[in-house]
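Please look over the sequence and the model shown here before reading on.

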Amino acid sequence: MAGASSDLKLLGAGPSPYVNRVQIALNLKAINYEFLEEKFGSKSELLLKSNPVHKKIPVLIHGDKPICESLIIVQYIDEVWTSGPSILPSDPYDRALHRFWAAYIDDKDLRTAEGEKAKQLAVERIAEGMALLEDALGKCGKGKPFFGGDNVGYLDIAFGSSLGWLRATEKLAGVTLFNEAKTPGLVAWADAFSSHEAVKGVIPETDKLVELAKMFKARAQSQSAN
Amino acid sequence: MAATDVKLLGVGPSPYVNRVQIALNLKSVNYEFPEQTMGSKSELVLKSNPVHKKIPVLIHGDKPICESLIIVQYIDEFWTSGPSILPSDPYDRALHRFWAAYIDDKLSPVMRELRMAETEEAKQVALDRSSEGLALLEEAFTECSKGKSFFGGDNIGYVDIAFGSSLGWVRASEKLAGVTLLDQAKTPGLVSWAHNFSSHQAVKGVIPETDKLVELFKMFQAKAKAN
C-alpha cells in the first residue's frame, strides 16, 4: 500500500538525528510523506496533541494515528511497508543484536563537554563506544558494507543518523572520532552510509550543524546571564 | 529443545529477570536457571554481557542475548509456535513498544524514588509523579485491552510483561512508603488487571512475595548506610 502524501505526515526538524532516522527509513521504502517542520523553541498544537506524553519530535502521523519515538517509528515503517527492502534482519538473533546496539547508542552520551578535563573524559567515552561499534560492525555486517549487510539496516539507521553531529563535534572540539587507524571499518561504513541514496540530503551539512551548535550555545549563555 | 540449550542468568527479585521467566513460561520453554548470587557478578555474566555486565542474560545454545525487553522479543520471534507476545497489527505493536519504553524510562525511576525517599516532601513529590504515570497507564490499558483482561487482549502480551513484572516492587513500595499506588477509585482497570496478571499460569511463582521484597529492600538500605 503506497502512502499518499496526505496519508502520511512527519512532524520534525531537519537537524534532529531522531527525525533523520525516520526520513531515512521512509526513503528506503520509497514512501511519499509530508514533512511538517517544527519551529525551534516552540511546540505546535499538532505536536502537543499527537505526542501528549513526551511532547517531542519525531512523530509520524499515519492516517489519524500518531506513532512516537524514533526507533519505534522505524520498526513500524518496516512492519507496515513490507514490499520494500527489510530494515530489521530476518534472523531473531541478528534482530536482537541490532536492537541491543541501537539501545546502546541511544543510552550512550555521544556529546562532548566544555572544559579541557571534561572534554577529555567525553572524548574517551565516545572512543570506547566507537571501539565497541567497530567490533559490532564486524559481527553484524560479516564483512559487508553495512551493519545490515549488503543494505542499510536498523543499526545503520540508528547510528548513521548521528553522523552529522559526530562530525560537528569533531570540528567544534578539535578531535578525531572516526580514526582510520583505530576504527577503519567505521570510517568506510560512514562513507558508504552518507552516500547511500536513502540518506543523501537528509543529514544536514556539518558546517550548518556547527553554526547551529554555536547559536544554541550563545542563546543558552545569554539566557543564563539574564 | 533440551533443557540445557536455554540458560537464564539472573536473580529472582529482579523484575527484569522476571520478564524473561514469564515470556519463557508463556512459550512453555524449558530452561536452566542457575541463580546468581546477589551483589556479585559471576564470570559467566561478565563474559556473556561484557558491555553492561548486568542480568538478565539469556544464553541460547552459545549465543547470549541481553536487555530484558530485547530478550522478550527474541523469545517471541524464535518460539513462534507458542502464543504471540507482541500483537500482530503494526500500530498495536508500536503502542505496546511505546508503553514498555515509558515504563522503563519514566515510571520505574519515579517508583524507585518513592522507595528511596527519606523526607515527607521527597515522598510526596515521588508519589505525585507515580500517580501521574499510573493514570497514563490506566488510559493505555483501556486503549490496548479494548475491554479485555490484559494489555495484550485475551492473553498476556508485551506491555503486560513489561509492567506486570514490577508488581512485586509496586506492592513493596506501597508497604515501605505507606501509600496506595494501584487505587480502585483512580485506576480500577489496573487493579483488576494486576489481579488477573498475578494469577496467570505463566506468572505464578515467578514474582517474589511482597514481604520478601520489603525485607530485601530494608537489608540493602542498611548495608548501603553501613558502607
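How do the residues of the lining of the second largest pocket divide into nonpolar, polar and charged? In this predicted model, the lining of that pocket divides into 13 nonpolar residues, two polar residues and two charged residues.

## The second largest pocket

The second largest pocket has a volume of about 410 Å³, and its lining is made up of 17 residues. Those that lie nearest the centre of the pocket are A:Tyr93, A:Leu97, A:Trp101, A:Lys139 and B:Pro64, a list that holds residues from chain A and from chain B.

Three elements each supply at least two residues of this lining, namely α4 (92–107) and α5 (116–141) of chain A together with β3 (63–66) of chain B. Of the contributions to the lining, that of α4(A) is the one that gives the most, with five residues.

## Chain B as a whole

Chain B contains nine helices and three strands, and, when it is read along the sequence, these elements follow the pattern β-α-α-β-β-α-α-α-α-α-α-α. The C-alpha atoms of chain B, taken along the principal axes, fill a box of roughly 50 × 50 × 30 Å. Because a compact globule with 227 residues would have a radius of gyration near 17 Å, the 18 Å of chain B agrees with that expectation.

## The sheet of chain B

The strand β3 of chain B, which supplies residues to the pocket lining, also belongs to an open sheet of three strands in the order β1-β2-β3, in which the pairing is antiparallel. The edge strands of this sheet are β1 (6–9) and β3 of chain B, each of which pairs on one side only, and the twist from one strand to the next averages 20 degrees. As a general point, strands of a sheet pair through backbone hydrogen bonds, in either a parallel or an antiparallel way.

Between strand β2 (residues 57–60) of chain B and β3(B) the antiparallel pairing extends over four bridges, and B:Val57 has B:Cys66 in β3(B) as its bridge partner. Helix α1 (residues 15–26) of chain B lies across β1 and β2 of chain B, and this helix runs at about 155 degrees to β1(B).

## A hairpin in chain A

In chain A, strand β3 (residues 59–62) and strand β4 (residues 65–68) run antiparallel and are joined by four bridges. Within this pairing, A:Ile61 has A:Pro66 in β4(A) as its bridge partner. The hairpin of β3(A) and β4(A) has two residues between the strands, and in this hairpin A:Gly63 takes a positive phi near 70 degrees.

## Backbone details in the loops

Which peptide bond is cis, with omega near 0 degrees? It is the bond from A:Ile57 to A:Pro58, and A:Pro58 has its place in the loop between α2 (45–50) and β3 of chain A. The loop between α2 and β3 of chain A also holds A:Lys55, a residue other than glycine whose phi is positive, near 55 degrees.

In chain B, the peptide bond from B:Ile55 to B:Pro56 is cis, with omega near 5 degrees. B:Pro56 lies in the loop between α2 (43–48) and β2 of chain B, and that strand β2 is the one that pairs with β3(B) over four bridges.

Note on methods
Residues are numbered from 1 along each chain as its sequence is written. Chains are lettered from A and ligands numbered from 1 in the order in which they are written. This is a predicted model: local features need pLDDT of at least 70, side-chain atom pairs count only at pLDDT 80 or more; totals for chains, interfaces and linings use all residues. Side-chain values use heavy atoms; hydrogens and water are left out. On a 1 Å grid over the protein atoms alone, a cavity is a set of points where a 1.4 Å probe fits but cannot get out, and a pocket is an open set with protein on both sides within 12 Å along at least five of seven lines; lining residues have an atom within 4 Å of a point. Grid points are joined across faces, edges and corners, and a volume is the space filled by probe spheres set on the points. Ala, Val, Leu, Ile, Met, Phe, Trp, Tyr, Cys and Pro count as nonpolar, Asp, Glu, Lys and Arg as charged, and the others, Gly among them, as polar. Two strands pair if DSSP finds at least two bridges between them. Axes are lines fitted to C-alpha atoms, for helices over the stretch in contact, and angles run from 0 to 180 degrees between N-to-C directions. Contact means heavy atoms within 4.5 Å. The radius of gyration is taken over C-alpha atoms; the globule rule is 2.2 Å times the number of residues to the power 0.38.
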